[in-house]
Amino acid sequence: MIQTYDGWMRAALDEAGAALPSGDVPVGAVVIDRDGQVIGRGHNVREATGDPTGHAEMVALRSAAQARGKWRLDGCSLVVTLEPCTMCAGASVLARVDRVVFGADDPKAGAVGSLWDVVRDRRLNHRPEVVAGVLREECATLLRDFFQTHRATGLP
């Protein structure tokens, strides 16, 4: 059976939209357990909270760990609209997720193959499977539109 992640990526896209009212970059993430249930959700909250670690992946991983009652998220998949940065890629390794699924590549800060490849570094004790490019165009369009609007309005 071929695994499809489109439905879960759509849940992550819904989360990404929740970042827009606060002016945060629209990135969303969900954590899926081995039974296919969403156990963690998150979207960027850096602007809303002033927290530099307020990335969608970090929020979703914290939410999933709280739901599970433990920090180990073995058997889980992290599904995120944008390729994780070094912090978020490292957190996925430390949380022991089985796989990282992402939509749009991030050539400027991506750490799951674009600029770095933290999750597949052989020196680490855990290496999640990577599934890249799920609903890539939808994820990229959301980000492109956001940044075009910000540039047009002169927002930071």
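Tutor: Buried means under 20% relative accessible area. This model is predicted. Cys139, at 1% relative accessibility, therefore counts as buried.

Student: Is Cys85 buried or exposed?

Tutor: Cys85 has a relative accessible area of 16%, so Cys85 is buried.

Student: How many disulfides does a search of the whole structure find?

Tutor: The general idea is a distance test: a disulfide needs a pair of cysteine sulfur atoms within 2.5 Å. Here the search of the whole structure finds zero disulfides. Cys85 is in none, and its nearest cysteine sulfur, that of Cys88, is 3.8 Å away.

Student: Now the helices. At what angle do α3 and α4 pack?

Tutor: Helix α3 covers residues 56-68 and helix α4 residues 86-94. They pack at an angle of about 25 degrees, and their axes are 9 Å apart. Angles under 35 degrees count as roughly parallel, so α3 is roughly parallel to α4.

Student: Is the crossing of α3 and α4 left-handed or right-handed?

Tutor: The crossing of these two helices is left-handed.

Student: Which residues make the contact between α3 and α4?

Tutor: From α3 come Glu57, Met58 and Leu61; from α4 come Met87, Cys88, Ala91 and Ser92. By class, the residues of this contact are five nonpolar, one polar and one charged.

Student: Which residues of α4 are buried?

Tutor: Cys88, Ala89, Gly90, Ala91, Ser92 and Val93 are the buried residues of α4. Their cover includes α3, β4 and β3 (77-82). After α4 comes Arg96, with a positive phi near 65 degrees.

Student: Let us turn to loops. Where does His55 lie, and what is it in contact with?

Tutor: For a loop residue, start with the elements on either side. His55 lies in the loop between α2 (46-49) and α3. At 16% relative accessibility, His55 counts as buried. Leaving aside neighbours within four places in sequence, His55 is in contact with His43, Asn44, Arg46, Cys85, Met87 and Cys88.

Student: Where is the place of Asp117, and is Asp117 buried or partly exposed?

Tutor: Asp117 is in the loop between β4 (99-104) and β5 (129-132). Its relative accessible area is 31%, so Asp117 is partly exposed. Not counting residues up to four places away in sequence, Asp117 touches Ala111 and Val112.

Student: How far apart are Asp117 and Ala56, in sequence and in space?

Tutor: Asp117 and Ala56 are 61 residues apart in sequence, and 19 Å apart in space from C-alpha to C-alpha.

Notes: Residues numbered from 1 in each chain as written. Predicted model: local features only at pLDDT ≥ 70, side-chain atom pairs only at ≥ 80, totals over all residues. Heavy atoms only, no water. Buried < 20%, exposed > 50% of the residue type's maximum accessible area, 1.4 Å probe, protein only. Axes fitted to C-alpha atoms, helices over the stretch in contact; angles between N-to-C directions. Helix = DSSP H or I, 4+ residues; strand = E, 2+ residues; numbered from the N terminus. Parallel < 35°, antiparallel > 145°, perpendicular 65-115°, else oblique. Left-handed = near helix turned anticlockwise from the far one by under 90°. Contact = heavy atoms within 4.5 Å. Nonpolar A, V, L, I, M, F, W, Y, C, P; charged D, E, K, R; others polar.
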